[in-house]
Amino acid sequence: MAASVMPPPVDNPRIFAWPRVRFTLIAAGIFGFLMGLHSTASMPLDIVRSIFVGFAVLMMFGFFEHFPRRMPRWLPRTVLRLVSIAIIIPISTGIVIALTGGATQHDFGMQLVGALLFAPWIAIGTILRQRDAFAREQALEFELVRSEFERRESDARLRLLQAQVEPHFLFNTLANVQALVDSGSPQASKVLSSLIAYLRAAVPRMHSKSATVENEVELVRAYLDLMQMRMPDRLKFAIHLEPAAARQQCPPMTLLTLVENAVRHGIDPGEAGGRIDVDIWIRDGRCVMRVTDTGVGFKGANHGLGTGLATLRERLKLAYGGEARLELTEVAPHGVCAEVSFPAPGPA
């Protein structure tokens, strides 16, 4: 025969757990008091009889709450518990009256009918509360599982986007070195040595989940030094870091992406080159990174400003939700200002 496994009640309560015992004592005591107002027996005796029947009901309710573990599909556990209560009430009522010296037909009938009227409704209320609590627990568990999946998905997407940034930067830098070698520049060896030293420090940071602004500035300074070696007459730069912003956390290569974008799409395409200014500060609880170049600007950029900023925008969204902003504005007479801002809760 087909059978189903009924999930155990929330927190799997013991049959005679104190909250249940306390509730049974209170409910049975009130019921016994009401019976005593209309019974020929003494009120304490009616209260004792009601408590006895109440504990018999509690025992049956709790027992069939746990056993049997497997229930036939055609017999819900709720029905089984209600039937068991309906059976135990007349049995326990007869036993307690026999043990306490008997009772008139009126008292026996009043005790039996009263218990049959009230006990099942109390049991139904308890079952409904258990189901509500179980449903809330299941909903909370589902929400926790969903949040965990969303977090893992965000981490995976962030790793993927970060992996896209790494070859983008490395290939661009190696292409710059190749251009020097191809042109026979005496700076090629020096630039290559600087690049090796730079990559030795930079690559481990690329795989980190977060970096400090100070680390980002170190990478950017090394990168701009390399670019200045490649085009000494066409690139000038300045970096200003507010001390309060140095220990702030940010996604790795955030600042480097802004600077590389300024070099690639602003300075490189222009014959006269230009200047890059990097400014980082804290204002109103937010860390602001601003990279301004005097390059060719929007009009000289082909196909927008490349995938680097689009990838950075997605990485910021994954890291900060809607709390981070990436804005691009044109600078007169030519150039672009790229600004990233995100919450700055304090040093890590």
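Buried residues are those under 20% relative accessible area, exposed ones are over 50%, and partly exposed ones fall in between (1.4 Å probe, protein chains only). By this rule Val-79, at 39% relative accessibility, counts as partly exposed. The model is predicted, so local features need pLDDT of at least 70 and side-chain atom pairs count only at pLDDT 80 or more, while totals for chains, interfaces and linings use all residues. Residues are numbered from 1 along each chain as its sequence is written, and side-chain values use heavy atoms, with hydrogens and water left out.

Together with Phe-52, Val-83, Ile-87, Ile-91, Ile-95 and Leu-99, Val-79 makes a nonpolar surface patch of about 620 Å². Patches are made of residues with over 30% relative accessible area and no salt bridge, with like charges joined within 9 Å and nonpolar side chains (Val, Leu, Ile, Met, Phe, Trp, Tyr) within 5 Å. Accessible areas come from the Shrake-Rupley method with a 1.4 Å probe, and for residues only the protein chains shown count as cover. Helix 3 (residues 77–99) gives the most to this patch, with six residues.

Aromatic rings come next. Rings of Phe, Tyr and Trp (its six-membered ring) pair if their centres lie within 6.5 Å; planes under 30 degrees apart count as stacked, over 60 as edge-to-face and the rest as tilted. Three such pairs are found in the whole structure. Phe-63 and Phe-67 form a tilted pair, 5.5 Å centre to centre with 35° between the planes. Phe-63, Phe-64 and Phe-67 form one aromatic cluster. The pair of Tyr-320 and Phe-342 is stacked, because the ring centres are 5.1 Å apart and the planes meet at 15°. This pair links distant parts of the chain, with Tyr-320 in helix 9 (residues 307–320) and Phe-342 in strand 9 (residues 336–343), 22 residues apart. Phe-342 is buried, with a relative accessible area of 0%.

Strand 6 has partners on record in two directions of pairing, where two strands pair if DSSP finds at least two bridges between them. Strand 4 (residues 235–241) and strand 6 (residues 274–283) run parallel and are joined by seven bridges, with His-240 opposite Asp-279. Strand 6 also pairs with strand 7 (residues 286–293), in the antiparallel sense over eight bridges. There, Arg-283 has Arg-286 as its bridge partner. Two residues lie between the strands of this hairpin, and Asp-284 takes a positive phi near 50°.

Arg-283 meets Glu-242 at 3.1 Å, N to O. Arg-283 lies in strand 6 and Glu-242 in the loop between strand 4 and strand 5 (249–250), so the pair ties together parts that are 41 residues apart in sequence. Glu-242 counts as buried at 18% relative accessibility, whereas Arg-283 is partly exposed at 45%. Glu-339 and Arg-290 form another salt bridge, with the closest N and O atoms 2.7 Å apart. Glu-339 lies in strand 9 and Arg-290 in strand 7, so this pair ties together parts 49 residues apart in sequence.

Notes: Salt bridge = Lys/Arg side-chain N within 4 Å of Asp/Glu carboxyl O. Helix = DSSP H or I, 4+ residues; strand = E, 2+ residues; numbered from the N terminus.
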